[in-house]
Amino acid sequence: MRRLLVIGIGVGNPAHLTVEAIEALNEADVFFLPDKGSEKAGLRQLRLDICERYIRETGHRFVNVGMPKRAKTESYLADVDDWHQAIAEGYERLFLDELREGEVGALLVWGDPSLYDSTLRILGRLGERGVDLDYRVIPGISSVQVLTARHGIALNGIGEPVLLTTGRRLSVDDGRAFASIVVLLDGELAFRRLEGEDLDIYWGAYLGTADEVLVSGRLADVADEIEALRARLREAKGWIMDSYLLRRREPAR
Ligand SMILES: C[S@@+](CC[C@H](N)C(=O)[O-])C[C@H]1O[C@@H](n2cnc3c(N)ncnc32)[C@H](O)[C@@H]1O
């Protein structure tokens, strides 16, 4: 039986690790670090910095995990399925080769492992493939929590539901059905689709990091500003991670 810790590390601020996560870091012998190419090199460095900051003993080691690229055909779900399969096969080889009997491996997952992250689904595939793996999940602070904290707002209205969705899926109907919508993974300025609705937007990029940027206001008033800022930041840094909450404006009382 191989043991693995799936550790949520927050979204950029090492101070957001929980005590449980720090204890888990100190339990691990082998850290499997994804290698996603140069634009994500800063994110890899952050993982290394977290280890350096919190691990008390030496003796652990790092193993690079080459990440296959997802094909982009018309069938998104089929592409994701093939991609996950390729990652699962890579993990299987690595875990068998790199984890010795009695050792504990660790995956450092961005934010919280349950939120728009496929690590747990991929580990599930390993189980289906007959890999004898015992894994434990340590929750992390997600981008959603940092977003609402930084803007000083509650996630939900009183007793109301919240829709958590992606830029790809966001629709005008969502804006009418939900008073609060959180959007992640939006590479296409999906909030533009809802500009005709009376909404506030609470937007944040590089949340938790030194480069954190926040904008909030009535969607129709700040949409242009966010679009221009997003393009500028992306150009300057080479990549961007942003999320936002859309909230229906209360009718005047
Ligand atoms: C693959 S999902 C991972 C979410 C992560 N598991 C979490 O708990 O936040 C990546 C998306 O999360 C959001 N995100 C992650 N880190 C962020 C950050 N530091 N600032 C703003 N948004 C972030 C962005 O919407 C990004 O496209």
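This is a predicted model: local features need pLDDT of at least 70, side-chain atom pairs count only at pLDDT 80 or more; totals for chains, interfaces and linings use all residues.

Visitor: Why is T148 called buried?

Guide: Buried means under 20% relative accessible area. T148 has a relative accessible area of 11%, so T148 is buried. T148 lies in helix α5, residues 143-151. Setting aside residues up to four places away in sequence, T148 touches I153, L155 and L245.

Visitor: What makes the pair of T148 and Q145 a polar contact?

Guide: Distance is the part to check, and the cut-off for N or O atoms is 3.5 Å. The T148 side chain gets to the backbone oxygen of Q145 at 3.2 Å, so the pair is within the cut-off.

Visitor: How do you know whether R230 is buried or exposed?

Guide: Same test again. The relative accessibility of R230 is 8%, and the limit is 20%, so R230 counts as buried. R230 sits in helix α7 and touches D186, G187, L189, W203, I240 and D242, not counting residues up to four places away in sequence.

Visitor: And what makes Y54 buried?

Guide: Y54 comes out at 14% relative accessibility, which is under 20%, so Y54 is buried. You'll find Y54 in helix α2, residues 41-54. Leaving out neighbours within four places in sequence, the contacts of Y54 are P14, A15, L17, I22, L25 and N26. As for L214, 160 residues from Y54 along the chain, the two C-alpha atoms are 29 Å apart.

Visitor: Why does G90 count as buried?

Guide: G90 has a relative accessible area of 17%, and that is under 20%, so G90 is buried. G90 belongs to helix α3, residues 76-98. Between the C-alpha atoms of G90 and P68, 22 residues apart along the chain, there is 8.8 Å.

Visitor: Which residues touch the most other members of the largest nonpolar core?

Guide: That core has 58 residues, and I7, L25, F191, I201, W203, Y244 and L246 touch the most other members. Its largest share, six residues, is from helix α7, residues 219-237. There's also a second, separate core of 19 residues, with V6, V63, V109 and L123 among them. In soluble globular proteins, nonpolar side chains tend to be buried together.

Visitor: What is W203 in contact with?

Guide: Apart from neighbours within four places in sequence, W203 contacts L147, H151, V213, L214, V215, I226, L229, R230, L233, D242, S243 and Y244.

Visitor: Which residues come nearest to the ligand?

Guide: There are 16 residues around the ligand, and D112, L115, S143, D242 and S243 come nearest. By class, the shell has nine nonpolar, five polar and two charged residues.

Visitor: How much of the ligand does the protein bury?

Guide: On its own the ligand exposes 560 Å², and the protein buries 90% of that.

How values were computed:
Residues are numbered from 1 along each chain as its sequence is written. Side-chain values use heavy atoms; hydrogens and water are left out. A nonpolar core is a set of buried Ala, Val, Leu, Ile, Met, Phe, Trp, Tyr and Cys residues joined through side-chain atoms within 4.5 Å. Buried means under 20% relative accessible area, exposed over 50%, partly exposed in between (1.4 Å probe, protein chains only). Helices (H or I, at least four residues) and strands (E, at least two) are DSSP runs, numbered from the N terminus. Contact means heavy atoms within 4.5 Å. A residue is near a molecule or strand if one of its heavy atoms lies within 4 Å of it. Accessible areas come from the Shrake-Rupley method with a 1.4 Å probe; for residues, only the protein chains shown count as cover. Ala, Val, Leu, Ile, Met, Phe, Trp, Tyr, Cys and Pro count as nonpolar, Asp, Glu, Lys and Arg as charged, and the others, Gly among them, as polar. A polar contact is a pair of N or O atoms within 3.5 Å; within protein, one must be able to donate a hydrogen and the other to accept it, and residues adjacent in sequence count only if both atoms are side-chain atoms.
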